[in-house]
Amino acid sequence: MTMLKLSLMAFSIVFWAAGLTMFIIGLWATVFLGSYLELSANSSPSAPAILLATGAVVIIWGFLGCFGAATEHRGLLRAYIAFLTTVTAAGLAAGLSALLYRQNIAQGFQEGLHQALLTYGKDEGMADALDALQRSLSCCGVQSYRDWLTTPWGLEQNGSVPFSCCQARQGCHRSPPDTRGLHHDGCFPKVLAFLSSNMFYIATAALGLALLQLIGIVLACLLAARIPARLMGIATLH
């Protein structure tokens, strides 16, 4: 019984640490990637928001699970089992969705990039996000710098590209564009390459974490089942 209780407490601590990690990653992504995520045309909740919410809930329930194991509180353990089951199902769904809907995520980002080019100069927030993306990824346009030449902003500027397309401000000829001073790659191929190379590992990690939680469910079920039996034995002795 003691070994079972200590095992569940150790698992709850690890679970709590995983929640804290998710919360920190979500906070980092919100601060540093929030402007980039504005470019996506997908209307679904952003990944940082999901990580923040999930991390906060896991932190709370990780503590409650540890407390329930330490005090052998049957009601808390049953609630902990229900929570772990829900998180496991959600983790499996998230991992499978990341694998199955990679193209939808990429397509939403491509549509968002096209929209950002068309509204450049009109939507300041979108323009800032696009400029930041082009500078950080050393890219220009959706597929290449030529995407800028047919946009309303590009036509107004006599076939120009933004400064964020330049490798360096000094000596960068934007109108007409001189390819020697511009970023050669489009932004969408770079984002697509990132999704293709990393999404599999992200999905695998989500699936692995979901399956790991099965250990916690088994431990919590065993401990919750033994608590009534032990208490009944004590009552019989008295």
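A residue is called buried when its relative accessible area is under 20%, exposed when that area is over 50%, and partly exposed in between, with a 1.4 Å probe and protein chains only. By this rule W148, at 0% relative accessibility, counts as buried. The model is predicted: local features need pLDDT of at least 70, side-chain atom pairs count only at pLDDT 80 or more, and totals for chains, interfaces and linings use all residues. Residues are numbered from 1 along each chain as its sequence is written, and side-chain values use heavy atoms, with hydrogens and water left out.

**Nonpolar cores**

- A nonpolar core is a set of buried Ala, Val, Leu, Ile, Met, Phe, Trp, Tyr and Cys residues joined through side-chain atoms within 4.5 Å.
- The largest such core comprises 24 residues, and those with the most contacts inside it are L113, Y120, L130, W148, V161, C165 and L182.
- Two or more residues of this core come from each of α4 (102-118), α5 (124-137) and α8 (187-237); helices here are DSSP runs (H or I, at least four residues), numbered from the N terminus.
- Helix α4 gives the most to this core, with 5 residues.
- A second, separate core has 19 residues, including F83, V87, L219 and L223.
- In soluble globular proteins, nonpolar side chains tend to be buried together.

**Aromatic pairs**

- Rings of Phe, Tyr and Trp (its six-membered ring) pair if their centres lie within 6.5 Å; planes under 30 degrees apart count as stacked, over 60 as edge-to-face and the rest as tilted.
- The count by this rule is 3 aromatic pairs.
- Y120 and W148 have ring centres 4.9 Å apart and planes at 80°, so this pair is edge-to-face.
- Y120 lies in the loop between α4 and α5, and W148 in helix α6 (residues 146-149), so the pair ties together parts that are 28 residues apart in sequence.
- Y120 counts as buried, at 11% relative accessibility.
- W148 also pairs edge-to-face with W153, at 5.8 Å centre to centre and 70° between the planes; both W148 and W153 are buried.
- Through these ring pairs, Y120, W148 and W153 are linked into a cluster.

**Disulfides and other cysteines**

- A disulfide is a pair of cysteine sulfur atoms within 2.5 Å, and 2 disulfides are counted by this rule.
- C139 is in the loop between α5 and α6 and C187 in helix α8, so the pair ties together parts that are 48 residues apart in sequence.
- Both C139 and C187 are buried.
- C140 and C165 form a disulfide with sulfur atoms 2.1 Å apart, and their link is right-handed, with 85° about the S-S bond.
- This pair joins distant parts of the chain, 25 residues apart: C140 is in the loop between α5 and α6, and C165 in the loop between α7 and α8.
- C140 is buried at 0% relative accessibility, and C165 is likewise buried at 0%.
- C66 is buried, with a relative accessible area of 16%, whereas C221 is partly exposed at 35%.

**Surface patch**

- W16, L20, I24, F63 and F67 form a nonpolar patch on the surface, with about 490 Å² of accessible area together.
- The elements giving two or more residues to the patch are α1 (2-37) and α2 (47-71), and α1 gives the most, with 3 residues.
- Patch residues have over 30% relative accessible area and no salt bridge; nonpolar side chains (Val, Leu, Ile, Met, Phe, Trp, Tyr) are joined within 5 Å, and like charges within 9 Å.
- Accessible areas come from the Shrake-Rupley method with a 1.4 Å probe; for residues, only the protein chains shown count as cover.
- F63 lies in helix α2 and is exposed, with a relative accessible area of 54%.

**Salt bridge**

- A search of the whole structure finds 1 salt bridge, defined as a side-chain nitrogen of Lys or Arg within 4 Å of a carboxyl oxygen of Asp or Glu.
- The side chains of D185 and K190 meet in a salt bridge, at 4.0 Å from N to O.
- D185 is partly exposed, with a relative accessible area of 43%, and K190 is partly exposed at 30%.

**Positive phi angles**

- S138, which is not a glycine, has a positive phi of about 55°; S138 is in the loop between α5 and α6 and is partly exposed at 35% relative accessible area.
- N158, a residue other than glycine, has a positive phi near 60°.
- N158 is placed in the loop between α7 (152-156) and α8 and counts as exposed, at 65% relative accessibility.
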